[in-house]
Amino acid sequence: MTVTLPVRIGIIGGGGIANAHLTGYAAIPDRARITAIADVNPEALAARTEETGATGYADFHELVKDPEVDAVDICLPHHLHKAAIVAAAEAGKHILCEKPLCLTAEEAAEVRAAVERAGVTLMCAHNQLFLPAVAKAKEIIDSGQLGDVYEVRTTDSFYNDFDPANMGWRAHAATSGGGEYIDTGYHPTYLLMHLSGGKPVSAFAMMSTHRLKFMEGEDSAQVLVRFDNGSVGQLVTSWAYEAAPGTDRFSVVGEKGSLSSDGTTLRVKLRGGEEQVFEHESVDTFAAEIADFVTCLETGRRPLNTEDEGIAVLGIILAAYESSRTGAAADVLSV
């Protein structure tokens, strides 16, 4: 199922993350345009419709019925993702959805069924996969230069200045799905899985609340993941502190060598060979992701990360939370 350019986009949710998405669409005005936007906040909706010239809706259930919308871009709080995905799919709209895809295994099953039944394209917003260093690393891994992958490590930590007055829905487990791990920690989780090349089997986790003690969920997490190809992943993520200087954004060790990156520079060292260094300029990963989404709709190509990858990442996160509760490794349930 392909879409004629320009793709007509309906934005669902006009909050902060929508800024990055709107900037991405503005970069490709000949390929995509915003025709509708939905937000329950009247002031936010008025501001976004004035900014974009799009038709405004107070309810996304009305937006998905708009015949001038080919695809929706979901920028809602976590707990609303499932309902918006299902409504869009049932209306025959293609979908780009911010992370996480949804919050529970039951919701994941509903999402998969709705998307498959409708035959629409769903892309999960795994924007960090569009970092040039990540793409080059994946190319090297898939080429077999490292041989079998043994170990993957990812890190995404920063000092977050959230407080009770500005944290909003993220402070509550019912609306966020947990704490820092399902939010910022989602990024190093999908990166871990992407670089491992395997499907997650089990996870072991330790969650902590070091500094943001007003949160219902954790502000930091350490997670181990075993994949079906034998590789093991390890990630560290936090809102409580910045990573120590020199910490790699990601690294991979294989039977024939290794690679590591701070997110821009990629270093590759094969056993017995000289180190290769690849320098990459920074890019707007949201804009790159959005451009790729539009290309997928134009050509019918499968997105890099569909509901399959989104559900697999959610599986790791749910297993990690279960492990942190029990103190034992937990199986990643398939949906």
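Helices here are DSSP runs of H or I with at least four residues, strands are E runs of at least two, and both are numbered from the N terminus. This is a predicted model, so local features need pLDDT of at least 70 and side-chain atom pairs count only at pLDDT 80 or more, while totals for chains, interfaces and linings use all residues. Residue numbers start from 1 along each chain as its sequence is written, and side-chain values use heavy atoms, with hydrogens and water left out. By that count, the protein chain has 10 helices and 15 strands.

**Thr285**
- Thr285 sits in helix α9, which covers residues 285-299.
- With a relative accessible area of 11%, Thr285 is buried (buried is under 20% relative accessible area, exposed over 50%, partly exposed in between, with a 1.4 Å probe and protein chains only).
- The Thr285 side chain makes a polar contact of 2.8 Å with that of Asn127; such a contact is a pair of N or O atoms within 3.5 Å, where within protein one must be able to donate a hydrogen and the other to accept it, and residues adjacent in sequence count only if both atoms are side-chain atoms.
- Leaving aside residues up to four places away in sequence, Thr285 touches Asn127, Phe130 and Leu131 (contact means heavy atoms within 4.5 Å).

**Helix α4**
- Helix α4 (residues 81-90) is mostly covered, with 8 of its 10 residues buried.
- The buried ones are His81, Lys82, Ala84, Ile85, Val86, Ala87, Ala88 and Ala89.
- They pack against α3 (60-63), β4 (71-74), β5, α5 and β6 (122-124).
- Gly92 follows α4 and has a positive phi, near 80 degrees.

**Cis peptide bonds**
- Most peptide bonds are trans.
- Leu5 and Pro6 are joined by a cis peptide bond, with omega about -5 degrees, and Pro6 lies in the segment before β1 (7-12).
- Lys99 and Pro100 are also joined by a cis peptide bond, with omega about -15 degrees; Pro100 is in the loop between β5 (94-97) and α5 (105-118).

**The whole chain**
- The radius of gyration of the protein chain is 20 Å, which agrees with the value near 20 Å for a compact globule of 335 residues (it is taken over C-alpha atoms, and the globule rule is 2.2 Å times the number of residues to the power 0.38).
- The C-alpha atoms fill a box of roughly 60 × 45 × 35 Å along the principal axes.
- Of the 335 residues, 54% are buried.
- Among contacts with a separation of 6 or more, 71% are between residues 24 or more positions apart.
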